[in-house]
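Thanks, everyone, for making the time this morning.

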Amino acid sequence: MSHLDPYSGTEPRGWERSDRPPALPWPEREVEPWSPRQSGPDLSAGPQAPLRPPVRRHDEPNGGPYDEPVGDRFGADRPLGDLVRPLPDDAPTSQLAPVRDGDAPTAHLTPVRDDDQPTAQFAPVRDVDGSPSSFPSPVAEPEPAPPTGRRFRGRRRASAARPATPLPATGRAGRNLPAAIGVGLGLGALVLVPLFFFLPGFLAVLAAAIGVGIWEMTRAVRRSGAHPPLLPLLAGGVLTIGLAWFAGPDALSLGLLVTVLGTMIWRLGDGPAGFQRDITAATLIAVYVPFLGGFAAMLAAAPGDGHLRVLVTVVGVVLSDTGGYAAGVSFGKHPMAPRISPKKSWEGFAGSVAAAAVGSALLLWLLFDVAPWWGAVFGVAVSGAAVLGDLAESMIKRDLGVKDMSTLLPGHGGLMDRLDSVLFAVPTAYLLLAILVPVVG
């Protein structure tokens, strides 16, 4: 089969005798020789390749057979194996439609003679002003149906029918304020009730608080790779509190020494790897938690007025925290230590000092008959120590990369997040009260 060359002068070769399909081996009365039904595809068997219009040979007279293959002319590489009927001169050749014999489609094509019914044209689209548009009418895409079935686990999405889950209310300082107030009142009752009604019970509460603080610190410093032994620290902490309660300052120092030595001996069983790092962390915990907490035991053990000494110290710390929080939330604009605690401001520190000074001046004058200005000095010193203790713990947490020591107390974090200011305040209060209100007996 040759290709059609419209610019050549020679006659292209058409179908040769050898290219024609072979004759049927049996006679068929209803099919004439060279009928399209013999060689054409069976359109009723399924979807076929689209039919292509025939090409008229340039030297064929009008009405001649259209027997030129058109594969290469239309970009296909297979010839059209069907014969088509000749068309009269006045027949339009731009539109073709299949001819059906009853219900069975045939493979030959005939022109569509009804020029009034176009077949391959878009319906005209008119603009808003009524003028015809050259663009076809867009088809509106259906809106996606809402998802059905079970959703994957996870946070549900809020919608008009399902509002978002309300989060706990937090203040500007980042706390859950109702939970923080409730937990603070509970801790105050846990301290004051045994302090005034059963003093040995306060010793048990203090020892338990020191044990929880040691556990939180040991757990936190493990993030830095240090592994201080927990059991000797717990035993040494309880021993330190007991010695301070019954024997005073000298026994407190002895308790610290015993705790550090016992931790070193215990740590020897784990080998030399990381020994210095672990002992350094253990010494920090022993000094920071049980040694400083031992001053609270000595305050409470003072004969006659030990419960009052603990009360004025705790009230001074609470007033410092409350005044600092209120002033910082209301007026805080200048950060005090942005690299350590970004939320602390100088305005909040002024509020802490003022609240503690006023409250301590009034309380020491009423309970110990101390001059108000000495009471104010006591309040300023306790407030400054409490703020330094809070900053010290914030520096430790910043170095360890933790936000809170634990999540034991809702709205407060861990117990050490409440003891940080108290642990620095009780040694200061013990020294000042020893001067202002000497112990009798």
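The mean pLDDT of the protein chain, that is, the predictor's confidence in each residue from 0 to 100, is 75, and 59% of the residues reach 70 or more. Over residues 8-18 the pLDDT is below 50, although this stretch has 17 contacts in the model beyond near neighbours in sequence, a contact meaning heavy atoms within 4.5 Å. Where pLDDT is low, the predicted coordinates should not be read in detail.

This is a predicted model, in which local features need pLDDT of at least 70 and side-chain atom pairs count only at pLDDT 80 or more, while totals for chains, interfaces and linings use all residues. Residues are numbered from 1 along each chain as its sequence is written, and side-chain values use heavy atoms, with hydrogens and water left out.

The protein chain has ten helices and six strands, which are DSSP runs (helices H or I, at least four residues; strands E, at least two) numbered from the N terminus. Of its 441 residues, 37% count as buried, meaning under 20% relative accessible area with a 1.4 Å probe, protein chains only.

Now to Arg309, which sits in helix H7, residues 306-331. Is Arg309 buried or exposed? Arg309 counts as buried because its relative accessibility is 3%. A polar atom of the Arg309 side chain lies 2.7 Å from the backbone oxygen of Val437. Leaving aside residues up to four places away in sequence, Arg309 touches several residues, including Leu299, Phe368, Leu433 and Val437.

Key. Buried < 20%, exposed > 50% of the residue type's maximum accessible area, 1.4 Å probe, protein only. Polar contact = N/O pair within 3.5 Å; in protein donor to acceptor, adjacent residues only side chain to side chain.
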